[in-house]
Amino acid sequence: MSSERPDGPWSEPPAEGEAIEVADGVLWMRLPLPMKLDHVNVYALDDGDGWTIVDTGMSSNKTRRIWERLMAGPLGGKPVRRVVVTHHHPDHVGNAGWFQSEHGAELVTTRTAWLFARMLTLDVQESWPEETLEFYRSAGMDRAIYDARVAERPFNFADTVYPMPLGFTRIKQGDVLRMAGRDWDIHMGNGHAPEHATFWSRDDNLVITGDQILSSISPNIGVYATEPMADPVAEWLEACERLAPLARPDHLALGGHKLPFLGLPHRMAQLIVNHHGALARLLDHLDEPRSAAECFAPLFKRKIGAGEYGLALVEAVAHVNHLYHIGQVDRVRRDDGAWLYQRKG
């Protein structure tokens, strides 16, 4: 799901290995990702005797070489003393362990983010767990894509996340963190990732939103085999409605992808409205019984390619789960194991 782009002060991102100063002592940088969404934004905040880094990119030798160029160049050779991670996904936590192990940095994140990241890096699977295959079948995954996946080694979190040493510093809802001479109120998001930290400066107009709020795309909201009956759509909507009153028109939102933007109150209202619209379209689509994999059209309104299929499927499951949890659809098993959802009554 996407919509028009809010107004923003930059039309182009920083070049690889370079930085843009978005506010006094706050640098915006960008790292490449090997997927359709081909980048992640990371930020460096100047604490005087060293830097705080917010998010770290996906673990790879290429990404770490870019980090070394950034540290020698825009960061002026000052040490990275602290790494703040907004949430546990590999493009954000991927190099946190490297900064801890090789640079002596303190890791600061939420307890849930740390537990998920540490658990998943240690859970290496050489063959597909039956629970994952059952989840794919229950979602009605396209048979050709299913067969191709089964024939390959499964993706492991440890493939894209550097080993994480024991120990971190916890942040939680209501905490205040000092970075770049500012006090930042910490407010928790949810839905895209559990206990996703966002940071709201008390001293100026900056908000670090991570992937909770993005400028021109909706955050992916997915259900996975780890918790197949989860309702992250409800969690995401609750978080958006709770965070919306904090937003001011002058806020500069620094997100995990795309461009920093102004107009945060409008964007948050837009995201909420867009999701309710998608749920209404989905409910109409479910006048006929369909699997989650047969629900892409009302949710995305565009053709989903093979490279996007996995993320689209887990998002479709999230949305049919939500309608099921709020009692608007029933479901029955198809002979091949897929759940079919249909509007009640």
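Q: What is Gln-212 in contact with, leaving aside its neighbours within four places in sequence?
A: Gln-212 is in contact with Gly-189, Asn-190, His-196, Thr-198, Pro-219, Trp-236, Ala-239 and Leu-243, where contact means heavy atoms within 4.5 Å. This is a predicted model, so local features need pLDDT of at least 70, side-chain atom pairs count only at pLDDT 80 or more, and totals for chains, interfaces and linings use all residues. Residues are numbered from 1 along each chain as its sequence is written, and side-chain values use heavy atoms, with hydrogens and water left out.

Q: Is Gln-212 buried or exposed?
A: Gln-212 counts as buried because its relative accessibility is 0%. Buried means under 20% relative accessible area, exposed over 50%, partly exposed in between (1.4 Å probe, protein chains only).

Q: And where does Gln-212 lie?
A: In the loop between strand E11 (206-210) and helix H7 (232-243). Helices (H or I, at least four residues) and strands (E, at least two) are DSSP runs, numbered from the N terminus.

Q: Different topic. Which residues touch the most other members of the largest nonpolar core?
A: Leu-264, Leu-286 and Phe-296, in a core of 49 residues. A nonpolar core is a set of buried Ala, Val, Leu, Ile, Met, Phe, Trp, Tyr and Cys residues joined through side-chain atoms within 4.5 Å.

Q: Which helix gives the largest share of this core?
A: H10, with nine residues.

Q: What does a second, separate core include?
A: That core has 31 residues, among them Met-29, Trp-67, Val-80 and Ala-105.
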